[in-house]
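Subject: Structure handover

Hello,

Here is the structure I promised to pass on. Please open it first, then read my notes below.

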Amino acid sequence: MSTSFELNYRVDSRDMDMFSQCRPSAVLGIMQEAATQAAAALKVSGPEVLEKYGAIWIVNRNWVELDCPLRWDDQLLIRTWHRGPAGVSSYRDFDVYRDGKCIGQAVSSWVMVEAASRKFVRLKDIAEYQNTDGGELKKAVKLRALSMPGEFDGHARRDMRYSDTDINGHINNIHYADFACDALHLERLGAGKFVRSFQIDYLSECMAGESITLDTAVRGNELFAQGVSEDGVKRFDCAFTLADL
């Protein structure tokens, strides 16, 4: 017996980039909305776990793979489910359908932490999370830490502001994709191509008012970016793979 959630989503003009493709951050935003609504259906949404368990959800890895770019006015069906608790973390899987055909997939890794102390919460202690997984739908994909280049060619600086924040008070996970795309100058690299896949590893929380250095490297169709805080702490790693249209 599997438990999954379905979200219908129309890609709109706010999701588009200069190449008439759905930006990587917008793709993450669609997945985030599907995950949020799925959690609400299970009674484990952000406000609910904060009230009942004094905890918050934090995503620590996102991975997306697309067969083709998402375009304006695409009518998408996002199907999502979680894989059940595994210690303090859990995977959430996604399939992306257009016109009845699966054109992409995604996987995210989540942890729950106490809101005040940021100590991990064991998901087996969350009653609503038991026996509500995807069953036979569960993917075999495991998200490992990204292997980053030894040297970086580009460097940029980014200030994080109010508009980057989310309901938990830290920088929303989707904005890291924008940070990386901007630092990599995707406006120069993206013509005739699309982002076939990407992964972001969230290593340490970022807050509004902070500044980070963005180190970048381009190795053919493989693009890399890492964010490092002023005190030298790495905040995130990101890797994109481009493909020809």
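Along the sequence, the protein chain runs β-α-α-β-β-β-β-β-α-α-β-β-β-β. That makes 4 helices and 10 strands. Please keep in mind that this is a predicted model.

Overall shape

The radius of gyration is 18 Å, and the globule rule gives 18 Å for 245 residues, so the protein chain is as compact as a globular protein of that length. Along the principal axes, the C-alpha atoms fill a box of roughly 50 × 45 × 30 Å. Of the 245 residues, 51% count as buried. Take the contacts in the protein chain with a separation of 6 or more: residues 24 or more positions apart account for 72% of them.

Surface and charge

The protein chain exposes about 11,700 Å². Carbon and sulfur atoms supply 49% of that area. There are 29 positive and 36 negative side chains. The centres of the two sets lie 3 Å apart.

Helix H1

Helix H1 covers residues 24–41, which is 18 residues. From first C-alpha to last, H1 reaches 26 Å, close to the 26 Å expected at 1.5 Å a residue. Which residues of H1 are buried? They are Pro24, Ser25, Ala26, Val27, Leu28, Ile30, Met31, Ala34, Ala35, Ala38 and Ala39. An α-helix has 3.6 residues a turn, so residues three or four places apart point the same way. Among the buried residues of H1 are Met31, Ala34, Ala35, Ala38 and Ala39. After H1 comes Lys43, with a positive phi near 65°.

Ser20 is not a glycine, yet its phi is positive, about 60°. Ser20 sits in the loop between strand E1 (5–10) and H1. Ser20 counts as partly exposed, at 44% relative accessibility.

His185 is not a glycine either, and its phi is positive, about 55°. His185 lies in the loop between helix H3 (173–183) and helix H4 (186–189). The relative accessible area of His185 is 29%, so His185 is partly exposed.

Is Ala217 buried or exposed? Ala217 has 1% relative accessibility; the cut-off for buried is under 20%, so Ala217 counts as buried. Ala217 is in strand E8 (residues 211–219). Leave aside its neighbours within four places in sequence, and Ala217 is in contact with Pro149, Glu151, Phe152, Asp153, Leu184, Glu222, Leu223 and Phe224. One of those partners is Asp153. Ala217 and Asp153 are 64 residues apart in sequence, but 5.2 Å apart in space, C-alpha to C-alpha.

Glu6 belongs to strand E1. At 46% relative accessibility, Glu6 counts as partly exposed. What does Glu6 contact, leaving aside its neighbours within four places in sequence? The partners are Leu77, Ile78 and Arg79. Glu6 and Glu128 are 122 residues apart in sequence and 19 Å apart in space, C-alpha to C-alpha.

Best wishes

How values were computed:
Residues numbered from 1 in each chain as written. Predicted model: local features only at pLDDT ≥ 70, side-chain atom pairs only at ≥ 80, totals over all residues. Heavy atoms only, no water. Helix = DSSP H or I, 4+ residues; strand = E, 2+ residues; numbered from the N terminus. Rg over C-alpha atoms; globule rule 2.2 N^0.38 Å. Buried < 20%, exposed > 50% of the residue type's maximum accessible area, 1.4 Å probe, protein only. Contact = heavy atoms within 4.5 Å. Areas by Shrake-Rupley, 256 points an atom, 1.4 Å probe, with all protein chains shown as cover. Lys, Arg positive; Asp, Glu negative; His and termini not counted. Charge placed at Lys NZ, Arg CZ, Asp CG, Glu CD. Expected span 1.5 Å × (residues − 1).
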